[in-house]
Amino acid sequence: MNGSYEMSRYGPEHKSQVAELQKELWSSDTRLNTAYLEWKYEQNPYLDIILIYLVWHRGELVAMRGFYGSLWEAGRPRRQFPIYCADDLVIATGHRNRGLFTRINKAAFEDLPADGDRFAVTLSGGPTTVLGSLTMGWKSIGVTQQVRRESSGAVLARQARRVIGAVPVLRKYSRCWPAPWERDQFARLDARAARASSAAGGVRLAREPNVDAMADLVEALGTDGRIRHVRNATYFAWRFRNPMHEYRFLYAGESRLTGYLVLRRAVSDRFDQTSAYISDWEAGDPGVMEELLRTAIRWGGFSHMIAWAATLPDDARAILERAGFVNTGASARGMPCVLVRPVRGGRPEGEWTIAGRPLLDLASWELRMLYSMAG
């Protein structure tokens, strides 16, 4: 790199500096940032090296870009493909608009191991990442179509904030939200589930994932050949240890699992702490899917719930619509979207395929929030 900036690849001796820099993105707690770094990169089951690229200015860490391992499958019969997930881009405030985005990404792609026809994806790109990436060979496959459900209580609270905020002497009170009950989205869910009888459609709530049963269900339901992340016991066991999030698991079925719905809430103060996110949702029968969702809504009484709908089957989309989910403004603006590019440039777009599926066609993908760090 030119000027007074230098680049290096991450080493264990940089852990504390990365945790400090990532206060701008991950959380304000360096201990939580350290745990997240270790989980995501050191404990990743799909990559045995850490691919984080660092930018230094006079001995100070001022930027980073990470690539963590993931394993995808596609086709019938299924074939598996390792893919790099690009994430965790952060540039310190005083060093933005100096071309560091382009430089760090260019250097990273020159260094990334590229055995076979490996690709990289960004699974929940925001405006800054998307605009910068599109100038560097990335292509968008489309938006994840984020949909949102807002409770009647949340609507009233939003209206009250707007009214109070319009009165100068009362304006400071409009900033008293979110209320404590809105920040802990799982407190009411846990309490109501504990009081619920087994008559609730056979649905039960758990704080820990039953990774083997979930993986068995995914395997039993099979695949339609679209590109999707591998969801086996290894993946589930790693994925739900994400220290930035807390999870709850709704299960249907008695002796054998017939469906599940995974909810997550944010632990980090850098994430939305007032919404419950549908991280994953699976069942072979639409009736089971609907019962899982309605039970989650009934028990949780969530002020806001958020899901991805772009590649859901029609019956699942209809279930969300009946439950009151609507497109968000973010979806209308084309965010968040999924970006893809080959690790090595120069390949015609017609050759951007996995198992014969064109990567730039949204219909080739089965996208779930679980696959991204949003879930």
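Predicted model: local features only at pLDDT ≥ 70, side-chain atom pairs only at ≥ 80, totals over all residues.
Angles under 35 degrees count here as roughly parallel, over 145 as roughly antiparallel, 65 to 115 as roughly perpendicular, and the rest as oblique. The axes are lines fitted to C-alpha atoms, for helices over the stretch in contact, and the angles run from 0 to 180 degrees between N-to-C directions.

Residues are numbered from 1 along each chain as its sequence is written, and side-chain values use heavy atoms, with hydrogens and water left out.

First, the chain as a whole. Its secondary structure comes to twelve helices and 17 strands; these are DSSP runs numbered from the N terminus, helices being H or I with at least four residues and strands E with at least two. Of the 375 residues, 52% are buried. Buried means under 20% relative accessible area, exposed means over 50%, and partly exposed is in between, with a 1.4 Å probe and protein chains only. Take contacts, meaning heavy atoms within 4.5 Å, between residues at least 6 apart in sequence: 74% of them join residues at least 24 apart.

Now the helix pair. H7 covers residues 187-195 and H10 covers 286-300; their axes come within 7 Å and cross at roughly 105°. The two helices are therefore roughly perpendicular to each other. On the H7 side the contact is made by Arg188, Leu189, Arg192 and Ala193, and on the H10 side by Ala296, Arg298, Trp299 and Gly300. By class that is four nonpolar, one polar and three charged residues. For the classes, Ala, Val, Leu, Ile, Met, Phe, Trp, Tyr, Cys and Pro count as nonpolar, Asp, Glu, Lys and Arg as charged, and the others, Gly among them, as polar.

Next, empty space. Rolling a probe the size of a water molecule over the atoms shows where empty space is left. On a 1 Å grid over the protein atoms alone, a cavity is a set of points where a 1.4 Å probe fits but cannot get out; a pocket is an open set with protein on both sides within 12 Å along at least five of seven lines; and lining residues have an atom within 4 Å of a point. Grid points are joined across faces, edges and corners, and a volume is the space filled by probe spheres set on the points.

There are three cavities of 30 Å³ or more.

Strand S3 (60-74) and helix H9 (233-239) each supply at least two.

On to the pockets. How much space lies in the largest pocket? About 1200 Å³. It is lined by 43 residues, with Leu25, Asp87, Ser124, Gly126 and Thr129 lying nearest its centre. S4 provides the largest share of that lining, seven residues. By class the lining has 21 nonpolar, twelve polar and ten charged residues.

The second largest pocket holds about 340 Å³ of space. Of its 23 lining residues, Arg226, Glu282, Pro313, Glu366 and Arg368 lie nearest the centre. The classes here are ten nonpolar, four polar and nine charged.

Is phenylalanine 67 buried or exposed? At 0% relative accessibility, phenylalanine 67 counts as buried. Phenylalanine 67 lies in strand S3. Beyond its neighbours within four places in sequence, its contacts include Tyr41, Leu47, Tyr84, Phe109 and Leu112. Leucine 47 is 20 residues away along the chain, and the two C-alpha atoms are separated by 9.6 Å.

Phenylalanine 271 sits in the loop between strand S11 (259-266) and S12. With a relative accessible area of 28%, phenylalanine 271 is partly exposed. Leaving aside neighbours within four places in sequence, phenylalanine 271 is in contact with Trp26, Met244, His245 and Ala266.
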